[in-house]
2 protein chains.
Amino acid sequence: MSNIRHALTIKREDDFAQWYQEVVSAADMAEESGVRGCMVIKPWGYGIWERIQRLMDERIKAAGVQNCYFPIFIPLANFEREAAHVEGFAKEMAVVTHHRLIADGKGGLVPDPEAKLEEPLVVRPTSETIIGDAMSRWIQSWRDLPLMTNQWANVVRWEMRTRMFLRTSEFLWQEGHTAHDSRDGAMEETLRALEMYRSFAEDVLAIPVVAGEKPENERFPGAVATYSIEAMMQDGKALQAGTTHYLGTNFAEAANIRFQDREGTQQLCHTTSWGTSTRLIGGLIMTHGDDDGLRVPPAIAPHQVVILPMLRDKPEDSALLDYCEELRAAIAHEQVLGEPIRVLLDRKPGKAAGKRWDWVRKGAPVIIEVGGRDMAGGKVSMLRRDRLWGEDGKPDFSYPSRDEARASIADLLVDIQASLYGEAKERREANIVRDISSFDELAEFYGENQRYPGWVEVQWSRPTGDELSKVVEKLKSLKLTFRNVPMDRGAPNGKCLFTGDDAVEWIYVARAY
Amino acid sequence: MSNIRHALTIKREDDFAQWYQEVVSAADMAEESGVRGCMVIKPWGYGIWERIQRLMDERIKAAGVQNCYFPIFIPLANFEREAAHVEGFAKEMAVVTHHRLIADGKGGLVPDPEAKLEEPLVVRPTSETIIGDAMSRWIQSWRDLPLMTNQWANVVRWEMRTRMFLRTSEFLWQEGHTAHDSRDGAMEETLRALEMYRSFAEDVLAIPVVAGEKPENERFPGAVATYSIEAMMQDGKALQAGTTHYLGTNFAEAANIRFQDREGTQQLCHTTSWGTSTRLIGGLIMTHGDDDGLRVPPAIAPHQVVILPMLRDKPEDSALLDYCEELRAAIAHEQVLGEPIRVLLDRKPGKAAGKRWDWVRKGAPVIIEVGGRDMAGGKVSMLRRDRLWGEDGKPDFSYPSRDEARASIADLLVDIQASLYGEAKERREANIVRDISSFDELAEFYGENQRYPGWVEVQWSRPTGDELSKVVEKLKSLKLTFRNVPMDRGAPNGKCLFTGDDAVEWIYVARAY
């Protein structure tokens with residue numbers, strides 16, 4: 001297929017990291033803002049985020065969780081209360097110290113020394129402590145439980161090395177926070193959120209994931225247990241795409257979240273938190289992107305179908321636009337996945353071929369081109385983005401009649417959604433290795449000769465404390481990390497790869513973002 | 001009607017400011033967070049904001065504006081470039097100076113002196129300058145224009161005296177930013193946004209507003225012209241509920257936003273910005289609230305209908321819940337204002353009467369109570385929140401059959417929407433005075449004897465500069481401000497109240513939030 005001229009300049013196999021940057025830019029998703037570590041999310045990228053928000057929010061609300069909004073600023077005292085939490089976050093937070101600027105006398109501005117805050121404020125890196133304060137006010141008795149709240153917000157974690165969508169100083173997310181009357185209730189909610197994330201990733205984003213528990217060393221600061229969904233990117237690395245935390249009574253103790261139980265006794269609440277972020281978009285790119293740009297799964301695409309009239313700046317354009325508008329209106333009346341089909345008629349000036357490649361790079365699931373000849377024959381030229389190239393090395397157009405195109409589009413979108421998921425799942429399964437039984441074999445497997453080695457699933461004895469730290473250090477020397485202990489994987493039957501003790505569960509090892 | 005026991009402790013006429021605070025709290029809209037100037041928006045308040053977002057966003061997108069997301073942090077240099085802008089904002093901004101905390105050795109945390117930013121960052125008070133940077137990258141030629149973008153975001157303006165929803169240090173808003181190839185194009189967009197806000201306020205929020213131009217002294221810092229919608233609150237004060245700005249080429253010059261025109265010449269863009277915020281919710285409360293709490297217009301109510309079964313903790317509850325659930329499902333299948341009716345069956349434990357007053361205070365448009373006797377008769381007990389009290393001083397229930405209730409609910413909601421608007425409009429018209437023709441009369445009118453004096457519409461000569469400043473000072477001594485010059489008011493025929501010159505237009509004078 002060497003005759004194919006792809007729509008990007010960099011191929012995945014040549015330089016995956018550079019390819020990723022090119023897709024972000026070529027698909028017009030986001031760009032550097034000039035402000036350290038912060039990105040500008042452009043309309044196509046933000047449109048995908050809006051779809052994620054809308055569909056995730058429906059699931060969150062269906063679970064009985066209510067949205068609120070909490071302050072962006074957190075007083076230092078909140079962090080000081082929960083020792084493990086501040087330990088985990090204190091190193092990377094934006095600190096507000098002044099509330100006014102004044103002229104410096106040299107044409108510039110400086111913080112006004114007269115307007116120094118008595119207590120500096122932190123720009124929220126996450127909101128457990130501030131929401132804990134609210135919960136302590138809102139909860140009096142068992143009747144107030146469970147209290148289940150969520151917010152959509154921006155958060156800031158100062159990052160030294162940033163990469164758009166994957167690691168930025170400011171990012172957008174949702175954070176769920178719930179309080180319960182027992183460990184069982186809180187664990188149930190922690191796992192419900194995990195399952196919500198798993199099904200969202202797989203059914204909506206078409207990203208296969210492993211849901212499981214993080215090992216002790218990867219826990220959220222202050223959590224008793226942390227769970228994640230982990231996705232395999234096309235370079236074989238793992239991406240943590242969402243986390244849920246059972247916080248025990250740690251945050252309840254710090255923020256004094258107590259309730260009177262049915263017997264009249266004061267008890268500490270058990271709390272949870274769970275979050276997903278714009279990082280999901282990074283995962284989307286590295287799961288579904290190809291050497292021509294992004295491929296957006298139909299469920300999440302801002303436009304599922306894009307119609308491109310081949311305009312020539314001539315009077316005939318008007319009839320062509322009418323022909324296309326009729327098609328657009330007809331498709332917009334069709335439904336797919338429970339919603340009207342989102343179809344765009346791209347009327348912007350410019351050559352249709354140039355515009356085609358713009359939409360290929362953006363990854364619109366279906367592109368319909370209509371020229372004078374198509375119109376004369378009552379037809380259209382249709383491309384599915386997920387299978388762009390024919391065996392002849394040319395774009396694989398089909399040429400249905402206009403009404404056939406309308407009638408077939410919903411099924412086509414469903415098929416593209418399933419096909420993207422199937423492709424990603426097949427690739428992941430082909431890149432999980434399960435027959436490694438010693439650390440030396442592991443080291444050999446991840447030797448320099450393998451660029452995209454995938455994941456290894458091993459049995460382990462769940463070491464803790466210092467014993468775990470030593471194992472983590474050994475893995476680190478191979479640039480490896482523990483990902484998670486998959487749910488429902490069944491009991492292991494062998495020895496721990498790291499300690500030689502009897503294994504108690506399975507765990508994934510991988511390089512990771 | 002002295003036998004009525006209202007659902008609040010404070011009446012509007014006794015202390016409007018205290019009444020407002022009580023409604024915010026009694027309707028469970030928001031509360032103080034403990035963080036200076038920042039509020040927590042609770043589910044009922046945030047649900048109203050989500051409705052505002054969804055319905056406003058549809059209008060924004062329908063105008064061809066695309067949503068993006070820009071960084072929360074703005075480098076000082078951006079502010080230094082636009083002199084009038086920094087002059088207007090420099091006094092009230094949160095400044096980030098450090099990116100790490102360290103232990104202070106006494107159990108507390110302090111900003112790490114080693115992690116001081118070379119250039120402090122400002123938490124955005126508004127985003128003209130940072131979006132201007134992006135526009136300068138995105139715009140090359142006339143083909144890129146108009147460029148129309150919007151973001152939903154939090155912003156921070158350090159406020160000394162705060163009041164929930166009306167004036168908080170952090171608030172939520174949308175800010176539209178557009179660039180055009182000419183003054184005409186930019187002015188057209190500025191006025192389109194103004195009309196969008198007018199119709200949104202009136203048709204969705206049921207708040208009558210006056211759309212008009214702000215006088216020079218009230219312009220947005222750096223703007224050439226500023227427009228607003230002004231609403232009259234029940235205490236006669238004005239609330240600026242949305243603004244749109246024609247920025248001329250001021251920000252384009254500062255951020256170097258240029259385009260090549262059709263003749264190949266480099267030109268500066270003309271830009272606009274426009275915004276509305278969570279302040280709208282403050283306006284909603286002060287327009288529609290009564291001595292029993294909030295009344296939410298159906299278009300914006302998170303729940304338009306609330307069904308309250310009169311549960312008795314007895315086996316009969318189950319049949320009652322089934323009866324109510326059937327009604328809920330039937331109502332949910334009905335449509336109003338182009339959407340399915342939002343109906344809640346409130347299954348929470350608690351006395352029905354107590355719950356009724358909770359929903360009265362929150363202002364659910366229709367409350368349906370169902371007890372055993374209602375069920376036996378195939379009926380329900382229905383209350384419309386906007387006309388709560390009968391002439392006998394008791395809640396004015398109607399008792400339709402369950403199916404009549406279902407069948408009539410859409411019309412009822414439409415009627416409530418119209419009725420709330422009509423009531424507010426009538427009150428506003430009754431409180432605008434148009435026959436004042438000298439400053440002395442104005443001073444007399446706003447004398448201490450009048451607590452809720454409303455607005456005065458006067459003719460003026462549109463003074464500028466120092467002449468205007470003197471007039472503004474004189475008004476200030478009466479605690480008055482200019483609100484706006486109404487659009488399409490026609491030419492005046494008299495003399496300016498302030499200068500004695502021939503009047504050129506009409507302008508509203510009022511006390512304001």
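Two salt bridges cross the interface of domain 1 and domain 3 of chain A. This is a predicted model, so treat them as computed pairs. Take Arg483(A) and Glu230(A): their side chains meet in a salt bridge, at 2.9 Å from N to O.

Now polar contacts. Between domain 1 and domain 3 of chain A, nine residue pairs are in polar contact, both residues at pLDDT 80 or more. Which elements supply the domain 1 side of chain A that touches domain 3? Helix 6 (183-204), strand 11 (209-213), strand 12 (225-232) and strand 13 (238-246) each supply at least two residues. Strand 12 of chain A gives the most, with five residues. By type, that side of domain 1 of chain A divides into 10 nonpolar, six polar and eight charged residues.

Step back to the layout. Chain A has domain 1 (16-288), domain 2 (298-415) and domain 3 (432-510). The contact takes 24 residues from domain 1 of chain A and 22 residues from domain 3 of chain A. Their C-alpha centres lie 28 Å apart.

On to area. The size of an interface is often given as the accessible area lost when the parts come together. Domain 1 and domain 3 of chain A bury about 1,700 Å² between them, with 58% of it on carbon and sulfur atoms.

Methods:
Residues are numbered from 1 along each chain as its sequence is written. Chains are lettered from A and ligands numbered from 1 in the order in which they are written. This is a predicted model: local features need pLDDT of at least 70, side-chain atom pairs count only at pLDDT 80 or more; totals for chains, interfaces and linings use all residues. Side-chain values use heavy atoms; hydrogens and water are left out. Domain bounds come from an automatic or database domain assignment. Contact means heavy atoms within 4.5 Å. Buried area is the accessible area (1.4 Å probe) that two parts lose on being put together, summed over both. A salt bridge is a side-chain nitrogen of Lys or Arg within 4 Å of a carboxyl oxygen of Asp or Glu. A polar contact is a pair of N or O atoms within 3.5 Å; within protein, one must be able to donate a hydrogen and the other to accept it, and residues adjacent in sequence count only if both atoms are side-chain atoms. Helices (H or I, at least four residues) and strands (E, at least two) are DSSP runs, numbered from the N terminus. Ala, Val, Leu, Ile, Met, Phe, Trp, Tyr, Cys and Pro count as nonpolar, Asp, Glu, Lys and Arg as charged, and the others, Gly among them, as polar.
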